[in-house]
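Visitor: I'd like to understand the wording used for this model. Could you take me through it?

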Amino acid sequence: MTAASAAPTSDDVRAVALALPETTEKIAWSMPTFRVAGKMFATLPEEETSIAVRCPKEERDELVLAEPEKFWIADHEASFAWVRVRLAALDDLDELRAILTDSWLQAAPPRLLELHPELRVAVE
């Protein structure tokens with residue numbers, strides 16, 4: 001996918017998320033959720049036009065202020081370390097991959113982080 005191509009879709013979210021080590025998909029709250037070692041790191045809420053991902057609150061607030069067309073905080077997630085991402089606002093598949101990988105890194109257990117150091121490098 002190039003910058004000139006269409007924005008990532010829910011199918012892209014599913015493919016990228018499930019390509020991450022030991023990721024599973026589970027329906028919860030009537031929506032697809034993606035988990036590593038049982039810990040959720042991404043969801044496809046609403047009409048699957050956005051994703052919710054883990055994000056430290058300090059970084060989340062900075063993201064929302066810097067790019068409000070791309071990131072926002074859902075009211076019911078305000079007290080949690082999650083941020084919403086509009087798929088249509090993403091630059092390309094690489095940006096989606098970086099966002100999902102970063103969220104996966106926050107949820108993955110230490111044994112997986114040790115087994116996959118290349119993923120940490122991919123988001124730096």
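Guide: Gladly! Leaving aside neighbours within four places in sequence, Trp 82 is in contact with Met 40, Phe 41, Ala 42, Ala 52, Val 53, Arg 54, Cys 55, Arg 60 and Glu 77, where contact means heavy atoms within 4.5 Å. This is a predicted model, in which local features need pLDDT of at least 70 and side-chain atom pairs count only at pLDDT 80 or more, while totals for chains, interfaces and linings use all residues. Residues are numbered from 1 along each chain as its sequence is written, and side-chain values use heavy atoms, leaving out hydrogens and water.

Visitor: Why does Trp 82 count as buried?

Guide: Buried means under 20% relative accessible area, exposed over 50%, partly exposed in between (1.4 Å probe, protein chains only). Trp 82 has 14% relative accessibility, so it counts as buried. Trp 82 lies in strand E6; strands (E, at least two residues) and helices (H or I, at least four) are DSSP runs, numbered from the N terminus.

Visitor: What makes E5 and E6 a pair?

Guide: Two strands pair if DSSP finds at least two bridges between them. E5 and E6 have two, in the antiparallel sense, so they meet that definition. The bridge partner of Trp 72 is Arg 84 in E6.

Visitor: Which strands form the open sheet, and in what order?

Guide: Six strands do, in the order E1-E2-E3-E4-E6-E5, with antiparallel pairing. Strand E1 (23-28) and strand E5 (71-72) stand at the edges with a single partner strand each, so one side of each has no neighbour in the sheet.
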